[in-house]
Amino acid sequence: MTKVEDKKENVGICRQYCTVCPSYPGEGILFCARGKSSKAVEKQGCYCPSCEVQTEYGCTGTYYCIEGACE
Ligand code: SF4
Ligand code: SF4
């Protein structure tokens with residue numbers, strides 16, 4: 001079980017960050033709950049530190065699309 005709930009509200013918030021992030025791999029969402037992207041991701045910045053989902057669940061990481069879910 002990951003910390004972050006895989007729910008619609010969190011997906012909606014995530015869309016405002018991940019999909020406009022310069023590193024976004026082009027598909028997938030809510031990496032902090034669902035785990036890393038199946039695509040290769042080039043680190044070009046991560047918006048997770050500004051995201052409310054991150055704060056709500058006490059996560060402190062970045063690049064969940066590369067590192068995997070917040071545990
Ligand atoms: S996890 Fe971070 S780096 Fe990856 S797409 Fe989302 S905001 Fe961008
Ligand atoms: S912390 Fe990152 S991966 Fe998680 S919902 Fe926010 S923007 Fe998306």
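Visitor: Where does Y63 lie in the chain?

Guide: Y63 is in the loop between α3 and α4. Helices are DSSP runs of H or I with at least four residues, strands are runs of E with at least two, and both are numbered from the N terminus. This is a predicted model, in which local features need pLDDT of at least 70 and side-chain atom pairs count only at pLDDT 80 or more, while totals for chains, interfaces and linings use all residues. Residues are numbered from 1 along each chain as its sequence is written, and chains are lettered from A and ligands numbered from 1 in the order in which they are written.

Visitor: Why does Y63 count as partly exposed?

Guide: A residue is buried if 20 or more other C-beta atoms lie within 10 Å of its own, exposed if 12 or fewer, and partly exposed in between, with C-beta atoms placed from the backbone. Y63 has 17 C-beta neighbours inside 10 Å, so it counts as partly exposed. Its phi is positive, about 50°, although Y63 is not a glycine.

Visitor: What makes L30 count as buried?

Guide: L30 has 23 C-beta neighbours inside 10 Å, so it counts as buried. L30 sits in the loop between α1 and α2, and its phi, near 50°, is a positive value in a residue other than glycine.

Visitor: And why does N10 count as buried?

Guide: N10, a residue of helix α1, has 20 C-beta neighbours inside 10 Å and therefore counts as buried. Beyond four places in sequence, N10 is in contact (C-beta atoms within 7 Å, placed from the backbone) with V4, E5, L30, A33 and V53.

Visitor: What makes a set of residues a nonpolar core?

Guide: The set must consist of buried Ala, Val, Leu, Ile, Met, Phe, Trp, Tyr and Cys residues joined through C-beta atoms within 7 Å. The largest such core has 15 residues, and V4, L30, F31, C32, Y64 and C70 have the most contacts inside it. Two or more residues come from each of α2 and α4 (64-67), and α2 gives the most, with three. Leaving aside neighbours within four places in sequence, the contacts of C32 include V4, C48, Y64 and C70.

Visitor: How do you know whether the radius of gyration of the chain agrees with a compact globule?

Guide: The radius is taken over C-alpha atoms, and the globule rule is 2.2 Å times the number of residues to the power 0.38. For 71 residues a compact globule would have a value near 11 Å, and the chain has 11 Å, so the two agree. Four helices and zero strands make up its elements, and 25% of its residues are buried.

Visitor: Which residues are around ligand 1?

Guide: They are Y17, C18, C21, S23, Y24, F31, C46, Y47, C48, Y63, Y64 and C65. A residue is near a molecule if its C-beta atom, placed from the backbone, lies within 6 Å of it.

Visitor: How does the shell around ligand 1 divide by class?

Guide: Ala, Val, Leu, Ile, Met, Phe, Trp, Tyr, Cys and Pro count as nonpolar, Asp, Glu, Lys and Arg as charged, and the others, Gly among them, as polar. The shell around ligand 1 has 11 nonpolar, one polar and no charged residues.

Visitor: Which residues come nearest to ligand 2?

Guide: Of the 14 around ligand 2, C14, Y17, C32, C48 and C51 come nearest. The shell divides into 12 nonpolar, two polar and no charged residues, and α1 gives the most to it, with three.

Key
Contact = placed C-beta atoms within 7 Å.
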